[in-house]
Amino acid sequence: MESCDRTSVAQSWTLGYHLVVDPKYRGKGIGTKLVKHVEKNLQRAGVTKIILGVGIDNLSTVPFYEKCGYKVMHDAVLFAKDLYKVH
Ligand SMILES: CC(C)(COP(=O)(O)OP(=O)(O)OC[C@H]1O[C@@H](n2cnc3c(N)ncnc32)[C@H](O)[C@@H]1OP(=O)(O)O)[C@@H](O)C(=O)NCCC(=O)NCCS
């Protein structure tokens, strides 16, 4: 069974990135190259899984991530908390 202490979780997962390609250059494969670049670097750093979220108002980008090999998670809900608001 996989160990699940804080260190191994931190090394094994990363929570998504916000990716934007200048509208003038979209549809030319740049987004795909950026995703591959990020994945390679995270993999080198020992990260074994990426979880990313897409805004509910931005579901049109789902096919892009699917083409990059990501699968929609049906067994999880993402939570967020802004730590700069925590005193
Ligand atoms: C999503 C985004 C990063 C894609 O970048 P890109 O450089 O245009 O992507 P690519 O050219 O590598 O496209 C790869 C494939 O995904 C498809 N695709 C890209 N954007 C898509 C979209 N919005 N809807 C549907 N399909 C899309 C392309 O048609 C292409 O398919 P193909 O290989 O069959 O031709 C870019 O559209 C963008 O910056 N959008 C605004 C910001 C955003 O919504 N980011 C994602 C949420 S964090």
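Colleague: Which residue with a positive phi follows H2?
Modeller: This is a predicted model. In it, H2 is followed by a residue whose phi is positive. The angle is near 95°, and the residue is Gly46.

Colleague: How far apart are the end C-alpha atoms of H2, and what span should its 15 residues give?
Modeller: H2 has 15 residues, at 1.5 Å a residue. The expected span uses one less than the number of residues, so H2 should span 21 Å. The end C-alpha atoms agree with that, being apart by 21 Å.

Colleague: Val38 sits in helix H2. Is Val38 buried, partly exposed or exposed?
Modeller: Count the other C-beta atoms within 10 Å of Val38: there are 17. Buried needs 20 or more, and exposed means 12 or fewer. The count for Val38 falls in between, so Val38 is partly exposed.

Colleague: How far apart in space are Val38 and Tyr17?
Modeller: In sequence, Val38 and Tyr17 are 21 residues apart. In space, go from C-alpha to C-alpha. That distance is 9.0 Å.

Colleague: Is Lys49 buried or exposed?
Modeller: Lys49 lies in strand S2, residues 49–51. It has 9 C-beta neighbours inside 10 Å. A residue with 12 or fewer is exposed, so Lys49 counts as exposed.

Colleague: Which residues does Lys49 touch, leaving out those up to four places away in sequence?
Modeller: Glu39 is ten residues from Lys49 in sequence and 9.2 Å away, C-alpha to C-alpha. A contact needs C-beta atoms within 7 Å. The residues that Lys49 touches are Ser12 and Trp13.

Colleague: Which residues are closest to the ligand?
Modeller: The ligand is surrounded by 18 residues. Helix H2 (30–44) and helix H3 (62–67) each supply at least two residues of this shell. The closest residues are Arg26, Ile30, Gly31, Thr32 and Phe64.

Colleague: How many residues of the shell around the ligand are nonpolar, polar and charged?
Modeller: Sort the shell by residue type. Gly counts as polar here. The shell divides into seven nonpolar, eight polar and three charged.

Colleague: Which element has the lowest mean pLDDT?
Modeller: The chain averages a pLDDT of 85, and 87% of the residues score at least 70. Over residues 1–7, the pLDDT is below 50. Among the elements, H3 has the highest mean, 96. The lowest mean, 55, belongs to helix H1.

Colleague: What share of the chain's residues counts as buried?
Modeller: The chain has 87 residues. Buried takes 20 or more other C-beta atoms within 10 Å. The share that counts as buried is 1%.

Terms used
Residues numbered from 1 in each chain as written. Predicted model: local features only at pLDDT ≥ 70, side-chain atom pairs only at ≥ 80, totals over all residues. Near = placed C-beta within 6 Å. Helix = DSSP H or I, 4+ residues; strand = E, 2+ residues; numbered from the N terminus. Contact = placed C-beta atoms within 7 Å. pLDDT = per-residue confidence, 0-100.
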